[in-house]
Amino acid sequence: MADHDEFVRLAQAHRRELLAHCYRMLGSVDEAEDLVQETYLRAWRSYDTYEARASLRTWLYRIATNACLTAMEHRTRRPLPAGLGAPGASPDEPVGAPATDIPWLQPLPDVLIDPATVVSARGSLRLAVVAALQHLPPRQRAVLILREVLAWRAHEVAEALGTSTAAVKSTLQRARARLDEVAPEEDLVTEPSSGDERALVDRYMAAFEFADADGLARLLCDDVELDMPPYLVWFRGRKHVFGFMESKVLDAYPAARIQMVPVGANGQPAVAAYERGPDGVRRAHSVQLITPQGDRIRRITAFLEPGLFERFGLPRVLD
């Protein structure tokens with residue numbers, strides 16, 4: 001019988017990168033954590049038969065990928081609002097009720113994965129990339145990730161998935177073609193700017209905390225996009241995005257009503273926003289991921305889900 005302590009010691013070293021891998025496959029940090037647990041359970045059950053023909057890391061990735069494929073058999077893709085319909089025609093239109101029946105794409109807090117993974121794999125973890133991957137059928141998604149993110153050879157992917165090398169190459173071609181259809185090329189290949197990210201985030205936080213409409217307007221690109229899961233409505237273009245933020249946020253929340261904390265998610269800058277209520281208590285409001293373009297903002301995805309705060313190691317009520 002294999003030694004359990006030895007297995008745990010060797011396998012635990014790969015837990016955080018396996019979490020990032022399962023997240024790319026599933027688009028949900030909650031489900032990814034469950035699948036990492038499933039991976040370790042499957043690996044422990046078959047550890048006696050592990051012959052070290054491949055590294056333990058490769059073996060665990062193989063198990064994790066197949067566990068994800070099994071889990072995805074009865075799941076639909078996890079979208080963002082921008083992937084479900086046309087943008088809002090006017091910033092004055094009502095946002096409607098939250099669509100709680102949709103399994104929304106979730107952000108991945110940087111604190112849950114290794115700093116080295118954040119740096120080396122940030123392009124493959126960006127929210128726009130993970131959202132695009134959700135459009136691929138499960139096996140196409142697996143092949144694309146194994147080949148282009150993990151840089152496995154085609155025959156290694158074929159062995160892991162129980163198929164042929166020719167089938168892997170054909171599947172990869174179809175996956176690439178589908179990504180070209182659903183996502184702009186710059187979303188897939190352009191790395192976020194890093195030199196001025198902190199300054200950009202500081203200006204963004206200050207604009208909300210001081211209700212500085214002019215400061216916010218200067219930060220937005222002409223083609224900026226804003227979506228706010230779990231709400232279906234989303235906006236494109238500075239006129240509509242700024243108009244919505246000014247009327248629904250800045251006018252509704254005067255200075256000192258919003259307080260923000262810088263965080264990181266999906267290898268890109270983000271903030272956690274707290275709203276001060278009439279009782280003076282600051283409660284969790286949203287986690288907002290920012291996609292920079294130079295010294296301005298190209299996309300904002302605001303997850304209005306207070307339950308995410310614990311994932312970032314933040315309290316729901318700010319002292």
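Student: Which residues of H14 are buried?

Tutor: They are His240, Val241, Phe242, Gly243, Phe244, Met245, Val249 and Leu250. Buried means under 20% relative accessible area, exposed means over 50%, and partly exposed is in between (1.4 Å probe, protein chains only). Helices (H or I, at least four residues) and strands (E, at least two) are DSSP runs, numbered from the N terminus. One caution before we go on: this is a predicted model, where local features need pLDDT of at least 70 and side-chain atom pairs count only at pLDDT 80 or more, while totals for chains, interfaces and linings use all residues. Residues are numbered from 1 along each chain as its sequence is written, and side-chain values use heavy atoms, with hydrogens and water left out.

Student: What do the buried residues of H14 pack against?

Tutor: Packing is read from contacts, meaning heavy atoms within 4.5 Å. For H14, the partners are helices H12 (197-209) and H13 (213-219), together with strands E1 (220-227), E2 (234-236) and E6 (296-303).

Student: How many Å does H14 span between its end C-alpha atoms?

Tutor: The expected span of a helix is 1.5 Å times one less than its number of residues. H14 covers residues 238-250, and a straight helix of 13 residues would span 18 Å, yet H14 spans only 15 Å. Now look at H4, residues 56-71: its 16 residues reach 22 Å from first C-alpha to last, close to the 22 Å expected. The buried residues of H4 include Trp59, Tyr61, Ile63 and Cys68.

Student: Let's turn to strand E6. Is Arg299 buried or exposed?

Tutor: Arg299, which is found in E6, has a relative accessible area of 13%, so this arginine counts as buried.

Student: Backbone angles next. Which residues does a cis peptide bond join?

Tutor: Pro229 and Pro230, with omega at about 20°. Pro230 lies in the loop between E1 and E2.

Student: What is the phi of Ala151, and what is the phi of Ala211?

Tutor: Ala151 has a positive phi of about 60°, although it is not a glycine. Ala151 sits in the loop between helix H8 (138-149) and helix H9 (154-161), and its 59% relative accessibility means it counts as exposed. Ala211 also has a positive phi, about 50°, without being a glycine. Its place is the loop between H12 and H13, and with a relative accessible area of 26% Ala211 is partly exposed.

Student: What does Ile145 touch?

Tutor: Ile145 is found in H8 and, at 0% relative accessibility, counts as buried. Not counting residues up to four places away in sequence, Ile145 touches His21, Arg24, Met25, Leu133 and Leu150. Leu133 is twelve residues away along the chain, and its C-alpha is separated from that of Ile145 by 9.0 Å.

Student: Where does Ala256 lie?

Tutor: In the loop between H14 and strand E3 (258-265). Ala256 is partly exposed, at 38% relative accessibility. Leaving aside neighbours within four places in sequence, Ala256 is in contact with Glu209, Arg276 and Arg282. Glu93, in contrast, is 163 residues from Ala256 in sequence and 26 Å away in space, C-alpha to C-alpha.

Student: Now the whole chain. What is its radius of gyration?

Tutor: The radius is taken over C-alpha atoms, and the globule rule is 2.2 Å times the number of residues to the power 0.38. A compact globule of 319 residues would have a radius near 20 Å; the chain has 21 Å, which agrees. The C-alpha trace spans about 65 × 45 × 40 Å along its principal axes. Within it are 14 helices and seven strands, and 49% of the 319 residues are buried. Among contacts with a separation of 6 or more, 68% come from residues 24 or more positions apart.

Student: How many positive and negative charges does the chain have?

Tutor: Lys and Arg count as positive and Asp and Glu as negative, without His and the chain ends; each charge is placed at NZ of Lys, CZ of Arg, CG of Asp or CD of Glu. There are 38 positive and 44 negative charges, and their mean positions are 3 Å apart.
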